[in-house]
Amino acid sequence: MKMENFDEQEKKVNVSNIKEDESLSYTDIEDLPSRYKLYSKGVMIKGRPLKLFELKKLSTMTELNSDTVINDVLKSSLKGINIDDVIVADKLYLIFWLRANTYREPGYSVNFHCSNCKQDSSYDFNLNNLKVKYVDESFTLEKLTFSLTNGDTISFHIPKVSDEKRTIKFKNTYASIIKDISNDIFDMSIVIDQINGENLELMDKYDYISNLTPQLFSQLKSKIKKWDFGIMTDLEVICNKCGGKIPVGITFREEFFIPEYNDEWIADNEF
Ligand SMILES: [Zn+2]
């Protein structure tokens, strides 16, 4: 056995890897549910096609690990932003953008059962399949301060990835101490910055909210939710068999990230 040859081969493999990396060029992601209204001036997020290991990672997503998996993949495939600063409501859009820009040619199809033609069919995913709820045009940062009818003034921020990390860290640290923590009250405590101009500790904010009357709690929750935006839980896909526009629930299965390739279908339907 000649070790020289082995070395040569390894060199070749490395060279081809480098070439492939260079071909993964970054593109501006111009459209976001937040319309870039919540990022510093001049921020433009750029993305590149996903690599196989990133798609593999995404297909291992479960309810428990989804935050970590998505954050890891965004961190390695995006440029122009610190992942901690990404608005949570933009996160899933970014994952879909990356998926759409990885398979740009037709023929990479996801199987589904079409509710229109009742056949086992497939669709080619693209960004038009997303139903995006954009942040309201009238949104400005000043809208994040409001008063309740008891005169209390609240200011809050739209959640970022860093808030998700804080939440996970906090819950892990205090899991054994804090039982029966209410998730929606906790999430509201995380995004509230000031109450009557005062910066309070997280648990003080939690206590403040917990002790509100039902009426004031309802006001607070509605005011915070008012600017909700992001993507809807349904896709609207085009069935490759009947051409119908069909609603399909979003599921992150391996097949979505690594779809089947079917060039015969393209050849049959090209003209
Ligand atoms: Zn159909």
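This is a predicted model: local features need pLDDT of at least 70, side-chain atom pairs count only at pLDDT 80 or more; totals for chains, interfaces and linings use all residues.
Residues are numbered from 1 along each chain as its sequence is written.

**Stop 1: the sheet**

Select residues 108–113, which are strand S4, and then 120–124, strand S5. Strands here are DSSP runs (E, at least two residues) and helices are runs of H or I with at least four, numbered from the N terminus. S4 and S5 run antiparallel and are joined by five bridges; two strands count as paired if DSSP finds at least two bridges between them.

Now show the turn. Six residues lie between the two strands of this hairpin, and Lys118 in the turn has a positive phi of about 60°. To see the strands face each other, pick Phe112, which stands opposite Ser121 in S5, and then Val110, which stands opposite Tyr123 in S5.

You now have an open sheet of three strands in the order S5-S4-S12, with antiparallel pairing.

How many residues of S5 are buried? Four of the five are, where buried takes 20 or more other C-beta atoms within 10 Å of the residue's own, exposed means 12 or fewer, and partly exposed is in between, with C-beta atoms placed from the backbone.

**Stop 2: two helices**

Next, select 183–191 (helix H6) and 202–210 (helix H7): they pack at an angle of about 125°, with axes 9 Å apart. Axes are lines fitted to C-alpha atoms over the stretch in contact, and angles run from 0 to 180 degrees between N-to-C directions. The two helices are therefore oblique to each other, the class left after roughly parallel (under 35 degrees), roughly antiparallel (over 145) and roughly perpendicular (65 to 115).

Show side chains for the contact: Ile185, Phe186, Met188 and Ser189 come from H6, while Leu202, Lys205, Tyr206, Ile209 and Ser210 come from H7. Contact means C-beta atoms, placed from the backbone, within 7 Å.

**Stop 3: Phe217**

Finally, go to Phe217 in helix H8 (residues 214–225). Phe217 is partly exposed, with 17 other C-beta atoms within 10 Å. Leaving out residues up to four places away in sequence, Phe217 touches Ile209 and Leu212.

Terms used. Two residues are in contact if their C-beta atoms, placed from the backbone, lie within 7 Å.
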